[in-house]
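Student: Please pick one part of this structure and take me through it closely. I would like to look at paired charged side chains.

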Amino acid sequence: FLTMTLGKGVVRAKDAPNFIANRIGVFSLLAVMHYAKTMKIDFEVVDALTGVLSGRPKSGTYRTSDVVGLDTMAHVINTMKEHLKDDPWHEYFATPDYIQNLIDKGHLGQKTGAGVYKKIGREIHVLDLEKGDYRLADRKLPGAILTILKEKDVQKRFKLLRETDDKHGKFLWAAFREMFHYAAYHLEQIGDNVRDVDLAMRWGFGWAQGPFETWQSIGWQQIQDWVNEDIKAKTTLTQAKLPAWVKKQSQGVYAKGEAFAATENKFVSRSSLPVYQRQIFREPMLTDELHFGETILENESIRIWHQNDDIAIASFKTKMNTFTEEVLDGIQAGIAEAEKNYKGFIIYQTRGADFSAGANLMQLIKSIQEEGPQVAERIIDKFQQTAMRMRYSEIPTVVAVKGRALGGGCEITMHADRRVAHTETYIGLVEIGVGLLPAGGGTKEFAKIIAEDARGRDFPRLKDYFKQIAMAEVSTSAQEAVQRRFFKDSDAIVFNPNELFYVAKQQVEAMFAANYRPPIMEFFPVAGKQGIADIMLGLANMKQGGFISEYDYFLARKIATVLCGGLIEMGTLVKAQWLLDLERKVFIELLGNPKTQERIKHILETGKPLRN
């Protein structure tokens, strides 16, 4: 129930106060706050240091406390203070006075609009202890610490942190050192093994790695020596010795996929309960080696593989799983191979949190500069052909989706026979943000959906689906994606992302067993000239009122024209290729427009859309 229905990871904790995640996590917050105060480092700078740069959530320390609720955090701290009186760190189990002052004033964090941080208009302000009021936050870090944190060799990086004269480096080393010391000292009292502690910190606090994974990745013996030296020098919060098992595990606590259990004094494997058979690729830990099957074919951007069964799988190798020409070539080649020798074809990403961020705009622009504007038509045509291969191939095609599936990622997803989606899937056609329209079959797909909802010569949902494209609307969940018609009612939604691949394979098996046959290309009605006029009538008022720019209005007309099938009579029957040709023609036209080029340039440089 916890794993499949709720989609959670299960950690077995011992019955100790605050269990595992809050025990380690809240102590880590308190250690950070202690050193921030003694070293006089501003709140927002602490959050910048203890956020993404340290493998933690972007919110860092104080912002995390605001989100959780300062009163809630104080309650958890008090639990430690009341029930852990024999803990060597007990004297540090206290809510900082400035946090208590905020609580007394009713400033409990995000839920009350003010805590350590306060949003004033669009600006983020932070508590200034000297002034006793809020000031504009500035998370900018000095160059010295940034240089250290850019060091790719993790052992060198931590050596620099420990030895630097820069207070920010000293602060970070002290915070990590206390975490290592505390986690090792209490392992036997809170958890069965190091894996459970590390997973609790990943899942409970959003850390990229747990304390023992981080320790071993730096060097087990090295960290042990450093911590012992600091204990001897009395620079640690307490002089409690590291437990004896730490010294005995000279090579570390992870080996060959197993993790050390201190109470049993041995390495243990993961749980083999039946529910985990649905997780073909479980969340990897340090030293785990995931084997993604046998390669069928591969290029620099995509790999097609199998698991010694009758299903071919495609996984992208590009940044953010974007679509390049090589990816499109690989999908087509993979489908062709699957039609000959396999039961079905799955797109499943083995890397990254997202399914796909869409087309690789940088590659497209570079190709145009090198080969001329005609290359754009070739690439768009290839994308459309790939989408249609997904739809009309001789074998069932399934897409396993999680995270973001934007632009081209959404279009390829819509063209598969079946989708298996994690409940936290964010999908949409966002091309308008760069001054373009969906031209990989996305606009065509919505034209077909509009036709399915049509009643005679009436197209009641026309404006709804136009708005989804023109406003770049993205679903906030897989369930909403069904309502927005990116997914179908028959598609599978799973709550545990580690089960996506298993369920996708089951879908292929089911369709193959049911004697799968590809759909037939059919004619369908479009809204035509009357539909375009209906859409543009409402937009004219928005343009007049200054809610959209002239170019927004221009782009909207182009989208409406394609979505409605062009300047033809309402109710005219067309085939998919008619709309694909329109998509491609308008896309190429927009790509040559200076205002679209401005939008593309701006988003590539800043990551944010431009309204021009």
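This is a predicted model: local features need pLDDT of at least 70, side-chain atom pairs count only at pLDDT 80 or more; totals for chains, interfaces and linings use all residues.

**Salt bridges, pair by pair**

Tutor: Begin with Asp 42. Asp 42 is partly exposed, at a relative accessible area of 41%. Residues are numbered from 1 along each chain as its sequence is written, and side-chain values use heavy atoms, without hydrogens and water.

Now the partner. The side chain of Asp 42 meets that of Arg 135 in a salt bridge, 3.5 Å from N to O. Arg 135 sits in strand β3 (residues 133–136) and Asp 42 in the loop between α1 and α2 (43–49), so the pair ties together parts 93 residues apart in sequence. Helices (H or I, at least four residues) and strands (E, at least two) are DSSP runs, numbered from the N terminus. A salt bridge here is a side-chain nitrogen of Lys or Arg within 4 Å of a carboxyl oxygen of Asp or Glu. Side chains of opposite charge can pair when their charged atoms come close.

Next, take Arg 202 and Glu 283. Their closest N and O atoms are 3.0 Å apart, and they form a salt bridge. This pair also links distant parts of the chain: Arg 202 belongs to helix α9 (residues 194–205), Glu 283 to the loop between β6 (266–268) and β7 (294–298), 81 residues apart. Look at the cover of each. Arg 202 counts as buried, at 13% relative accessibility. Glu 283 counts as partly exposed, at 23%.

A further pair is Arg 485 and Glu 452. They form a salt bridge, with closest N and O atoms 3.0 Å apart. Arg 485 is in the loop between α19 (478–483) and β13 (492–494), and Glu 452 is in helix α17 (residues 442–452); the pair links distant parts of the chain, 33 residues apart. Arg 485 is partly exposed, at 24% relative accessibility. Glu 452 is exposed, at 55%.

Salt bridges can also join up. Arg 162, Arg 177, Glu 178, Glu 229 and Asp 230 are linked in a network of them. How many salt bridges does the structure hold? The count is 44. The pairs of Arg 135 with Asp 42, Arg 202 with Glu 283 and Arg 485 with Glu 452 are among them.

Terms used. Buried means under 20% relative accessible area, exposed over 50%, partly exposed in between (1.4 Å probe, protein chains only).
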